[in-house]
Amino acid sequence: MKAALLQLNVSDDPVTNLARTADMVAQAAGQGAGFVLTPEVTNCVSQDRAHQKRVLQHEAEDITLAGLREAAIRHGVWLSVGSLALKTDDPDGRFANRSFLIDPAGQIVARYDKIHMFDVTVSETETYRESAGYRPGTHAVVADTPFAKIGLSICYDIRFAYLYRALAQAGAQVLLVPSAFSPVTGAAHWEPLLRARAIEMGCYVLAAAQTGQHAAQAGRPRQTYGHTMAISPWGEVLADLGTEPGFALVDLDPAEVAQSRKRIAALSHDRPFEGP
């Protein structure tokens, strides 16, 4: 399977973002991709809660999800919508940060709500409280496809190795990490974390990312790190898109997963221990 990892620079306008994303999906499919992956918050990058309440939609009405399902049908591709910011019916009004896996018939094969919320203080001027606007998910997800078993995750999840071990031990051969990573933490930690998860789990790691300064009609524009990456099951960097929007094509071979796990069978070497 040839996969295309899209690197986007979306704004806080879902309508404009959908047109640009659908065009890039078409370009990737035209170059032979059978599996196309988009980043976290493909529909809207915004730090303004009031603006989000105005432009975000529930899953059933979301224009980005509907448009990308149509794109999957039109181009006959599998499509990972890295995540969408969606309204929920939760009493506290928080959104969901939800990933979708869509088949070539436009059917939703799997959904995953981001489990780990990005509540961090990177510096005195860079603070995030994702849990203030988004409710965390509670279920890990592995999805079956004809070409591989796919483990779903989103961005900050990458720091929690136990999630990926659970996905791999449940059969995942490819781990998805769609992201909108902070430039500061990205420069320090992005590649090492992705490579570590690939090496530890003997999986492909595919990480489609947002990049650059994101245009905002409301609130302060956000910056993201970019560097969409694909990592082999042995930990090799197969693609790094730098900081410009675009896409990278990589070939996925389940035999590489099997070979890596045969060489180092760490997933079967768990042992009980006490303490600390």
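What is the strand order in the open sheet of 6 strands that has E8 in it? The views below start there, in a predicted model where local features need pLDDT of at least 70, side-chain atom pairs count only at pLDDT 80 or more, and totals for chains, interfaces and linings use all residues. Residues are numbered from 1 along each chain as its sequence is written, and side-chain values use heavy atoms, with hydrogens and water left out.

**View 1. The sheet with E8 runs E8-E9-E10-E11-E14-E15.** Its pairing is mixed; strands are DSSP runs of E, at least two residues, numbered from the N terminus, and two of them pair if DSSP finds at least two bridges between them. E8 (142-144) and E15 (237-240) are the edge strands, each pairing on one side only. From one strand to the next, the twist averages 20°.

**View 2. E8 meets E9 (residues 149-151) in antiparallel fashion.** The two are joined by 3 bridges, and Val142 has Gly151 in E9 as its bridge partner.

**View 3. A second open sheet goes E5-E4-E3-E2-E1-E16.** Here too we have 6 strands and mixed pairing. E5 (108-113) and E16 (246-251) sit at the edges.

**View 4. E2 (residues 35-37) and E3 (residues 78-86) run parallel.** Look for 3 bridges between them, with Val36 opposite Leu79 in E3.

**View 5. Helix H3 (residues 63-75) lies across E3, E4 (96-102) and E5.** Helices are DSSP runs of H or I, at least four residues. H3 runs at about 175° to E3; axes are lines fitted to C-alpha atoms, for helices over the stretch in contact (heavy atoms within 4.5 Å), and angles run from 0 to 180 degrees between N-to-C directions.
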